[in-house]
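Work through these exercises with the structure open beside you. Try each task before you read its solution.

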Amino acid sequence: MNWLAVRAIYGFEMARAGRTLTQSVVSPVISTSLYFVIFGAAIGSRITHMGGISYGAFIVPGLIMLTLLTQSVANASFGIYFPRFTGTIFEVLSAPVSCVEIVLGYVGAAASKSVLLGLLILGTAALFVPLRIAHPFWMLAFLLLTAVSFSLLGFILGIWADGFEKLQLVPLLIISPLTFLGGTFYSINVLPSVWQKIALANPVVYLVSGFRWSFYEISDVNVTVSLGAVVGFLALCLIIVGWIFRTGYRLKN
């Protein structure tokens, strides 16, 4: 394993985030804080509790997941697409760096940035509502697994996209709607029975539910199923990334 190459790619991506600190960190935190103020204050005044938890505290895990999913995909997809766009990807491909080391560098940096953002939002939320984390280990486990999984998805999208329009297609048309409909701001148990069954087809429900369980020990689906869904999605993304490097799909164009 060429750890020097991994560190070089990782360091370059983290330095890029430092150069665009307002866009990379400040903007997502402010956006999430606005969500919290709007939904927590406006709707929370009408829905005081959900699942025995104050509404403001109830939506915190969902808001963290909302940021984690979107930022993981955005960071990883742009991180690998931009070298393809500028042609600097050939420098990486011609260097003595394996596919595993390339993925570790790009995906590791994207996941690190997303986890840091999630922790920042958690700290910001603690200023507004009292929080408790019933299972800190599982909270961190869900946070890391989700960040890595969706960073891998973003890496795949960055390879697949042949233009900036395609780069935004999946996050805007698929990931964001699924996140908003995945129990971010509500429990699917308040939905009619038919819509509850439909909601269970949304993979984000399992992520949000498992993450919320680590805070308050309440969930819409069994936590074991949630954990299995995250691990299964991670395995699927790893298989696709492996296929990309074996076939050279779009790496050189």
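**Exercise 1: the core**

Of the 62 residues in the largest nonpolar core, V60, I64, I102, F155 and F211 touch the most other members. Helix α7 (residues 136-160) gives the most to this core, with 11 residues. A nonpolar core is a set of buried Ala, Val, Leu, Ile, Met, Phe, Trp, Tyr and Cys residues joined through side-chain atoms within 4.5 Å. Buried means under 20% relative accessible area, exposed over 50%, and partly exposed in between (1.4 Å probe, protein chains only). Helices are DSSP runs of H or I, at least four residues, numbered from the N terminus.

The model is predicted: local features need pLDDT of at least 70, side-chain atom pairs count only at pLDDT 80 or more, and totals for chains, interfaces and linings use all residues. Residues are numbered from 1 along each chain as its sequence is written, and side-chain values use heavy atoms, with hydrogens and water left out.

Task: find which residues F211 is in contact with, leaving aside neighbours within four places in sequence.

Solution. Apply the cut-off: contact means heavy atoms within 4.5 Å. Then list the partners of F211: P61, I64, M65, M139, F142 and L143.

**Exercise 2: helix α11**

Task: check the span of helix α11 (residues 223-247), and find which of its residues are buried.

Solution. Start with the rule: the expected span is 1.5 Å times one less than the number of residues. Helix α11 has 25 residues, so it should span 36 Å. Its end C-alpha atoms are 36 Å apart, which agrees. Next, pick out the buried residues of α11: S226, V230, L234, C237, V241, I244 and F245. An α-helix has 3.6 residues a turn, so residues three or four places apart point the same way. Finally, look at the cover: it includes α6 (99-125), α7 and α10 (203-216).

**Exercise 3: the cysteines**

Solution. Take the rule: a disulfide is a pair of cysteine sulfur atoms within 2.5 Å. The sulfur of C99 is 16 Å from that of C237, the closest, so it is too far for a bond. The count comes to 0 disulfides. Now compare surroundings. C99 is partly exposed, at 33% relative accessible area. C237 is buried, at 2%.

**Exercise 4: a loop residue**

Task: what does A134 touch, not counting residues up to four places away in sequence?

Solution. First locate A134: the loop between α6 and α7. A134 touches S214, F215 and E217. The C-alpha atoms of A134 and F215 are separated by 5.0 Å, yet these residues are 81 apart along the chain.

Technical notes: Helices (H or I, at least four residues) and strands (E, at least two) are DSSP runs, numbered from the N terminus.
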